[in-house]
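I opened this entry to log what I looked up, one topic at a time. Sequence and structure go in first.

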Amino acid sequence: MSTVGPDSVIERVLSEYNIGADSWHEDLFESDTDRLLLALLLEQRGEQYLGETSTSDEPTYFVTEEPVLVDSVNQQGLDWGFPADTVTVWGFDEPVLVSFQQTGTNREIPLTAAEAPFSLSPPGGLNTSKLWYRQMTESAADTTLKVLALR
């Protein structure tokens, strides 16, 4: 197996981090050691190299800047726009019902102030981009809640 050239084993590994050589000329003048070290550092940080300008502008977390008002038994929704692995709900002082599915049976999770903060992070991630919430009963007092969603 060759260790030199744009199709070498080293270059195939480095190409997974977008730092592989595209030509013989580039491979001969670029330091494999430096690029392998860069790949190792990126791996330890849990990232893949995207170059100087990343086209990904998706957030990796969402947090409500202001508390969200829970004032009805009608379902209301909150959408953060990316699939979150972990969602934490807190800041409520009255019972609330939350859900990570809009419809279906056995989807609502009843929460009381004693259970705050409530965090859900199953193995493999929650993979949801929305939270639905409502008051538990019509006689319940209005409350607020805060949400933190992490990718």
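I count a contact when heavy atoms lie within 4.5 Å. The model is predicted.

**Core**

I started with Leu145. Leaving out neighbours within four places in sequence, I found Leu145 in contact with Pro67, Val68, Val70, Val89, Trp90, Gly91, Phe92, Leu131 and Tyr133. Next I looked up the largest nonpolar core, which has 20 residues. Leu145 is among the members that touch the most others, along with Trp80, Val87, Val89, Leu131, Tyr133 and Val147. Which elements give two or more residues to this core? I noted strand S2 (68–70), S3, S4, S5, S8 and S9. S3 contributes the most, with 4 residues.

**Leu78**

I then picked Leu78, in strand S3 (residues 76–84). Is Leu78 buried or exposed? Its relative accessibility is 15%, so I put it down as buried. Not counting residues up to four places away in sequence, Leu78 touches Phe62, Thr64, Val68, Ser129, Lys130, Leu131, Tyr133 and Val147. I also checked the C-alpha atoms of Leu78 and Trp132. They are separated by 6.3 Å, while the two residues sit 54 residues apart along the chain.

**Strand S4**

I looked up its partners. With strand S9 (residues 143–150), S4 pairs antiparallel over 5 bridges. Thr88 stands opposite Leu148 there. S4 also runs antiparallel to strand S7 (residues 118–120), joined by 3 bridges. On that side, Val87 has Leu120 as its bridge partner.

**Salt bridge**

How many salt bridges does a search of the whole structure find? I got 1. The pair is Glu108 and Arg134, at 2.8 Å from N to O. Glu108 lies in the loop between strand S5 (96–99) and strand S6 (109–111), and Arg134 in strand S8 (residues 128–135), so the pair ties together parts that are 26 residues apart in sequence. I checked cover on both ends. Glu108 is partly exposed at 29% relative accessibility. Arg134 is buried at 18%. My cut-off for buried is under 20% relative accessible area.

**Surface patch**

I logged a nonpolar surface patch of about 270 Å². Tyr61, Val63 and Leu150 make it. Tyr61 belongs to strand S1 (residues 61–63). At 52% relative accessibility, Tyr61 counts as exposed.

Last, I went through the backbone angles. Most residues other than glycine have a negative phi, and most peptide bonds are trans. I wrote down the exceptions I looked up.

- The peptide bond from Ala116 to Pro117 is cis, with omega near -5 degrees. Pro117 is in the loop between S6 and S7.
- Asn106 has a positive phi, near 55 degrees. I placed it in the loop between S5 and S6. Asn106 is exposed, with a relative accessible area of 82%.
- Asn127 also has a positive phi, near 55 degrees. Its place is in the loop between S7 and S8. Asn127 is exposed, with a relative accessible area of 57%.

Definitions and conventions:
Residues numbered from 1 in each chain as written. Predicted model: local features only at pLDDT ≥ 70, side-chain atom pairs only at ≥ 80, totals over all residues. Heavy atoms only, no water. Salt bridge = Lys/Arg side-chain N within 4 Å of Asp/Glu carboxyl O. Buried < 20%, exposed > 50% of the residue type's maximum accessible area, 1.4 Å probe, protein only. Patch = residues over 30% accessible without salt bridge, like charges linked within 9 Å, V, L, I, M, F, W, Y side chains within 5 Å. Areas by Shrake-Rupley, 256 points an atom, 1.4 Å probe, with all protein chains shown as cover. Pairing = 2+ DSSP bridges. Core = buried A, V, L, I, M, F, W, Y, C linked by side-chain atoms within 4.5 Å.
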